[in-house]
Each structure stands twice: as C-alpha cells, then as structure tokens.
Amino acid sequence: LVRSRGLGDVYKRQWQKRLLAYDREVKTVNSIEGLTEQDKQARIKTYQESNFNEKEQLRLETAMSLLQE
C-alpha cells in the first residue's frame with residue numbers, strides 16, 4: 001500500500017521553496033551597489049507583496065530566522 005503525502009506536506013515543501021527564493025532575492029537586492037537602504041527595503045517589500053499573502057508576510061521574519069539556524 002502506497003501512502004500519498006498529505007496536502008500539509010506539499011504546502012510545507014512549497015513554503016520552503018518560496019522561503020529559499022525569498023532569501024536569494026533579499027541577498028541579491030542587498031548586494032546591489034548604488035541603491036539606498038530605502039530603495040532596497042522598497043524592492044524587498046514589493047517582492048513580499050507579490051509572492052506572499054498578508055498572513056505569510058507576517059510569518060516571514062520568524063521563518064527566515066529559523067531557516068538560518
């Protein structure tokens with residue numbers, strides 16, 4: 001008998017992939033010379049709003065700190 005993975009497992013994997021993509025985006029934006037800190041934060045915020053719903057955006061900081069451990 002083959003057990004199919006639950007939707008929760010699929011969501012977790014997708015969430016982790018999205019977090020890794022977000023991490024790459026933040027690092028890329030922060031490495032751009034010539035952008036002010038305000039411009040960098042604006043680009044990151046735009047990425048967040050385009051790729052995460054409001055609830056997920058609230059979880060980002062905590063999720064990223066856990067990802068770094």
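**How the helices pack**

Start with α2 and α3, which cross in a right-handed manner. A crossing is called right-handed if the near helix is turned clockwise from the far one by less than a right angle, and left-handed if anticlockwise. Helices here are DSSP runs of H or I with at least four residues, numbered from the N terminus. Before going further, please note that this is a predicted model, in which local features need pLDDT of at least 70 and side-chain atom pairs count only at pLDDT 80 or more, while totals for chains, interfaces and linings use all residues. Residues are numbered from 1 along each chain as its sequence is written, and side-chain values use heavy atoms, with hydrogens and water left out.

Two packed helices are described by the angle between their axes and the distance between the axes. Axes are lines fitted to C-alpha atoms, for helices over the stretch in contact, and angles run from 0 to 180 degrees between N-to-C directions. For α2 and α3 the angle is about 130 degrees, and their axes lie 9 Å apart. That makes α2 oblique to α3; angles under 35 degrees count as roughly parallel, over 145 as roughly antiparallel, 65 to 115 as roughly perpendicular and the rest as oblique. On the α2 side, K45, Q48, E49 and N51 meet E56, Q57 and L60 of α3, where contact means heavy atoms within 4.5 Å. Sorted by class, this α2 and α3 contact holds 1 nonpolar, 3 polar and 3 charged residues. Ala, Val, Leu, Ile, Met, Phe, Trp, Tyr, Cys and Pro count as nonpolar, Asp, Glu, Lys and Arg as charged, and the others, Gly among them, as polar.

Now bring in α1. How is α1 placed against α2? The two pack at an angle of about 160 degrees, with axes 9 Å apart, which makes α1 roughly antiparallel to α2. The crossing of α1 and α2 is right-handed. Residues in this contact include Y22, V26 and V29 from α1 and I44 and Y47 from α2. The contact of α1 with α2 has 6 nonpolar, 3 polar and 4 charged residues.

Against α3 (residues 54–68), α1 (residues 7–31) packs at about 80 degrees, with an axis separation of 11 Å. These two helices are therefore roughly perpendicular to each other. Among the residues in contact are W15, L19 and D23 of α1 and L60, A63 and M64 of α3. This contact divides into 9 nonpolar, 1 polar and 4 charged residues.

Where do the helices come together inside? The largest nonpolar core has 11 residues: W15, L19, Y22, V26, V29, I44, Y47, F52, L60, A63 and M64. Such a core is a set of buried Ala, Val, Leu, Ile, Met, Phe, Trp, Tyr and Cys residues joined through side-chain atoms within 4.5 Å. Helices α1, α2 (37–51) and α3 each supply at least two of its residues, and the largest share, 5 residues, comes from α1.

Finally, compare a few single positions. D23, in helix α1, is buried, with a relative accessible area of 15%; buried means under 20%, exposed over 50%, and partly exposed in between (1.4 Å probe, protein chains only). R24, also placed in helix α1, is exposed at 54%. S65 lies in helix α3 and counts as partly exposed at 40%.
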